[in-house]
Amino acid sequence: MSVTISTSITLDRPDWLDRGTVEIFPNQPQSTNPDENLVARLQQSDRPLRIKLGVDPTGAELHLGHSIVFRKLRQFQDAGHTAILLIGDFTARIGDPTGKSQVRRQLSAEEVAQNAKTFLEQVRPILDFDTPDRLEIRYNSEWLSKLNLSEIIDLLATMTVGQMLAKEGFSERYQKETPIFLHEFLYPLMQGYDSVALQADVELGGTDQKFNLAVGRDLQRHFGQRPQFGLLMPILLGTDGVQKMSKSLNNYVGLAEDPLTMYSKLEKTPDRLLNDYVELLTNLPLDSLPDAPRDRQKLLALDVVRQYHGEEAAQAAQNAALSIVQGDATQAQSVPEFSLSNIQFPAKLFYILGASGLCKSGGEGRRQIQGGAVRLDGDRIQAVDLSFDQPAELIGKVLQVGKNKFVRLVA
């Protein structure tokens with residue numbers, strides 16, 4: 001793709017830049033001004049651009065919805081630019097108020113540190129950690145913890161209360177007379193100050209982060225820096241096809257999930273989400289996808305699992321999923337294992353469901369059996385109080401809840 005400028009100058013626009021991108025701002029595609037057109041900035045810069053992605057480790061587990069911005073960051077790395085993965089260890093203790101109907105719980109420094117460590121482990125398959133000068137991992141406590149009161153007042157003086165109340169969530173909370181605490185107003189200013197500290201050229205974020213990214217531009221101007229570009233990526237709908245992907249809604253695919261669980265969830269992606277999932281979660285060419293939705297589901301699932309677990313594990317997960325669907329669960333070698341060594345026999349099956357983690361509790365296990373959602377080696381369990389006298393009756397069998405939760409029972 002290219003853009004022809006009236007001055008006869010042609011700017012070649014890389015395909016990867018637009019794939020899955022909702023908005024780039026500012027965006028004057030007919031301009032050769034590197035402050036108005038990101039393509040011009042990419043072409044005219046005499047150094048690698050600094051591409052910022054900030055993440056607040058407010059939770060421990062990432063899912064495919066989070067991966068979208070990390071994948072875009074990797075594309076900038078592959079194009080020769082410097083990715084800055086900013087761990088918001090300081091701002092996480094406030095919590096991003098975007099879209100929140102009430103104040104977020106403030107985390108301890110210990111919780112944030114542990115979450116940050118887990119984050120880095122989960123994004124390692126996505127980002128290039130090995131090529132020199134392609135990745136900086138920074139923590140905003142480096143500079144935010146050192147700001148004195150005078151500097152904080154200077155930050156606060158760059159924005160009015162009216163501007164802050166225009167931020168998503170604040171206006172609604174104000175109208176409903178839901179408390180808004182003053183420390184929450186500091187969040188977008190601190191995130192914006194991160195761009196100043198890092199001298200970012202581009203900042204990535206979801207579409208819900210536009211306000212925060214724009215604050216970064218304003219603060220860079222305030223401090224005499226060249227303003228960054230903002231690049232916004234979409235919010236991924238979950239596997240239910242209705243609400244955004246979220247662990248709390250149980251419509252997510254976790255980056256750290258085992259290959260079979262990941263594959264089983266993705267191969268059931270609703271047809272209307274398939275093209276979006278392929279575009280946002282893979283590098284597969286969009287113009288040569290299989291016509292049949294079922295084939296696209298399997299291709300999507302195989303490719304995503306390969307990214308996080310490797311080719312061999314992806315193929316094994318696909319074979320295992322097929323074996324389970326065909327009722328030959330004993331052939332599914334990649335099913336995660338659960339040891340019966342700590343189960344006291346005789347034992348009710350609903351208790352084992354809870355102990356294995358397939359259900360949150362034995363009570364939920366009973367309800368899942370009653371609802372017909374539990375299978376043992378492919379056979380549906382109908383007896384709610386089914387009991388086993390010895391572990392030998394279960395060892396080697398696959399216990400299944402719903403369509404995508406499995407464990408192999410071992411000694």
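## Basis of the model

The model is predicted, with local features requiring pLDDT of at least 70 and side-chain atom pairs counted only at pLDDT 80 or more, while totals for chains, interfaces and linings use all residues. Residues are numbered from 1 along each chain as its sequence is written, and side-chain values use heavy atoms, with hydrogens and water left out.

## Overall chain

The protein chain contains 16 helices and 15 strands (DSSP runs numbered from the N terminus; helices are H or I with at least four residues, strands are E with at least two). Its C-alpha trace spans about 75 × 50 × 40 Å along the principal axes.

Of the 411 residues, 49% count as buried (buried is under 20% relative accessible area, exposed over 50%, partly exposed in between, with a 1.4 Å probe and protein chains only). The accessible surface comes to about 19500 Å², and carbon and sulfur atoms hold 48% of that surface (Shrake-Rupley method, 1.4 Å probe). Among contacts with a separation of 6 or more, 68% join residues 24 or more positions apart (contact means heavy atoms within 4.5 Å).

## Second largest pocket

The second largest pocket holds about 710 Å³ of space. It is lined by 24 residues, and Asn-250, Tyr-252, Glu-257, Lys-265 and Lys-405 are the closest to its centre. On a 1 Å grid over the protein atoms alone, a pocket is an open set of points with protein on both sides within 12 Å along at least five of seven lines, whereas a cavity is a set where a 1.4 Å probe fits but cannot get out; lining residues have an atom within 4 Å of a point. Points are joined across faces, edges and corners, and a volume is the space filled by probe spheres set on them.

Helix H11 (259–266) and strand E15 (405–410) each give at least two residues to this pocket's lining. The largest share, three residues, comes from E15. By class, the lining has ten charged, seven polar and seven nonpolar residues (Asp, Glu, Lys and Arg are charged; Ala, Val, Leu, Ile, Met, Phe, Trp, Tyr, Cys and Pro are nonpolar; the others, Gly among them, are polar).

## Largest cavity

The structure holds one cavity of 30 Å³ or more. The volume of the largest cavity is about 50 Å³. Its lining consists of Arg-19, Ile-68, Arg-71, Lys-72, Gln-75, Met-233, Glu-279, Leu-280 and Thr-282. Helices H3 (64–78) and H12 (274–281) are the elements that supply two or more of these residues, and H3 gives the largest share, four residues. The lining divides into four charged, three nonpolar and two polar residues.

Helix H12 also contains Asp-276. This residue is partly exposed, with a relative accessible area of 40%. Its C-alpha lies 10.0 Å from that of Leu-286, ten residues away in sequence.

## Helix H13

H13 covers residues 293–309, and its 17 residues reach 24 Å from first to last C-alpha, close to the expected 24 Å (1.5 Å times one less than the number of residues). Its buried residues include Arg-296, Leu-300, Asp-303, Val-304 and Gln-307. Just after H13, Gly-310 has a positive phi of about 95 degrees.

## Gln-191

Gln-191 sits in helix H9 (residues 182–198). It counts as buried because its relative accessibility is 10%. Beyond neighbours within four places in sequence, Gln-191 contacts Lys-52, Glu-203, Gln-209, Asn-212 and Leu-213. The C-alpha of Gln-191 is 57 Å from that of Gln-390, which is 199 residues away along the chain.
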